[in-house]
Amino acid sequence: MNQDRRRQAEDFLQPDEQLIAVCACEPGPGVPSPPEDLLAPQEPAALGRRIEEKLPRPLQQFFKARGHDPRRDEAERVPAPADGKGMEGGWQSAAGRFLVDRANAHGARTDLLVVTDRRWFALTDVSPLWQSTPVMKQYWEVPRSAVTAVRAAPGLQGRMDIEFADFSWVAVAAATPAEAPAFAAAAARYR
């Protein structure tokens, strides 16, 4: 387990909670993006607001009309169905809520998936691109009993399938593929 990741996760532990495993990951191949109507609008950064305030009024109105939402270009594509090769279960399932919460966090592409003796949670870096020190935000949490299995798929570039108690599942890909089997094994050992 990478020591920086471990320290970042430890900042979010509750009193007397034991950290079991941390893995940097991102949604796996075939995982759909949540539909735009399930996502909260992104709050513009302070710098972005200051820049917009300096723009001439017609440009300000254009940005407001367009939504000035970086997700818009992504959302204009036809959304993938909630069931696919990287996810099973609707948007109201545990897997769907994980993806919606992740998208609403507006963080970095790669997140930290954390398992403790009590719960699972996920963190993302919400710091601006120019800031070198990460600012981690917790965007998802479930009790240990909500995740029934984590399976590392052999030979699939660090892919892990996270299965939930409601029979939904979602694929994630470890940022370092070699870490996937160790993370899945550690999570299973403490069930």
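Modeller: Let me begin with contact, which means heavy atoms within 4.5 Å. Please also keep in mind that this is a predicted model.

Biologist: With that cut-off in mind, what covers the buried residues of α6?

Modeller: The cover of the buried residues of α6 includes the strands β1 (19-27), β3 (111-116) and β4 (119-125), and also β6 (147-152), β7 (159-164) and β8 (169-174).

Biologist: Which residues of helix α6 are called buried, and what makes a residue buried?

Modeller: A residue is called buried when its relative accessible area is under 20%. In α6, which spans residues 179-189, that description applies to Ala180, Phe183, Ala184, Ala186 and Ala187.

Biologist: How do you know that they lie on the same side of α6?

Modeller: The directions from the helix axis to their C-beta atoms are what the arc is taken from, and because these residues cover an arc of only 165° around the axis, they are placed on the same side of α6. On the face turned away from that buried side, α6 carries the exposed residues Ala182 and Arg189.

Biologist: Why is aspartate 16 called exposed?

Modeller: Exposed means a relative accessible area over 50%, and aspartate 16 has 66%, so the word exposed applies to it. Aspartate 16 sits in the loop between α1 (3-10) and β1, and it has a positive phi of about 65° although it is not a glycine.

Biologist: What makes phenylalanine 167 exposed?

Modeller: The reasoning uses that cut-off of over 50%: phenylalanine 167 has a relative accessible area of 74%, and therefore it is exposed. Phenylalanine 167 belongs to the loop between β7 and β8, and its phi, near 75°, is a positive value in a residue other than glycine.

Biologist: Why is a space inside the protein called a cavity?

Modeller: It is called a cavity because a 1.4 Å probe fits there but cannot get out. The structure holds one cavity of 30 Å³ or more, and the largest cavity has a volume of about 30 Å³.

Biologist: Which residues line the largest cavity, and which element gives the largest share?

Modeller: The lining consists of Cys25, Glu26, Pro27, Phe98, Arg102, Asp111, Tyr139 and Val172. The elements that give two or more residues to this lining are β1 and α5 (94-105), and the largest share, three residues, comes from β1. By kind, the lining residues divide into five nonpolar, no polar and three charged.

Key:
Residues numbered from 1 in each chain as written. Predicted model: local features only at pLDDT ≥ 70, side-chain atom pairs only at ≥ 80, totals over all residues. Heavy atoms only, no water. Buried < 20%, exposed > 50% of the residue type's maximum accessible area, 1.4 Å probe, protein only. Helix = DSSP H or I, 4+ residues; strand = E, 2+ residues; numbered from the N terminus. 1 Å grid on protein atoms, 1.4 Å probe; cavity = no way out; pocket = protein on both sides within 12 Å on 5 of 7 lines; lining within 4 Å. Points joined across faces, edges and corners; volume = space filled by probe spheres on them. Nonpolar A, V, L, I, M, F, W, Y, C, P; charged D, E, K, R; others polar.
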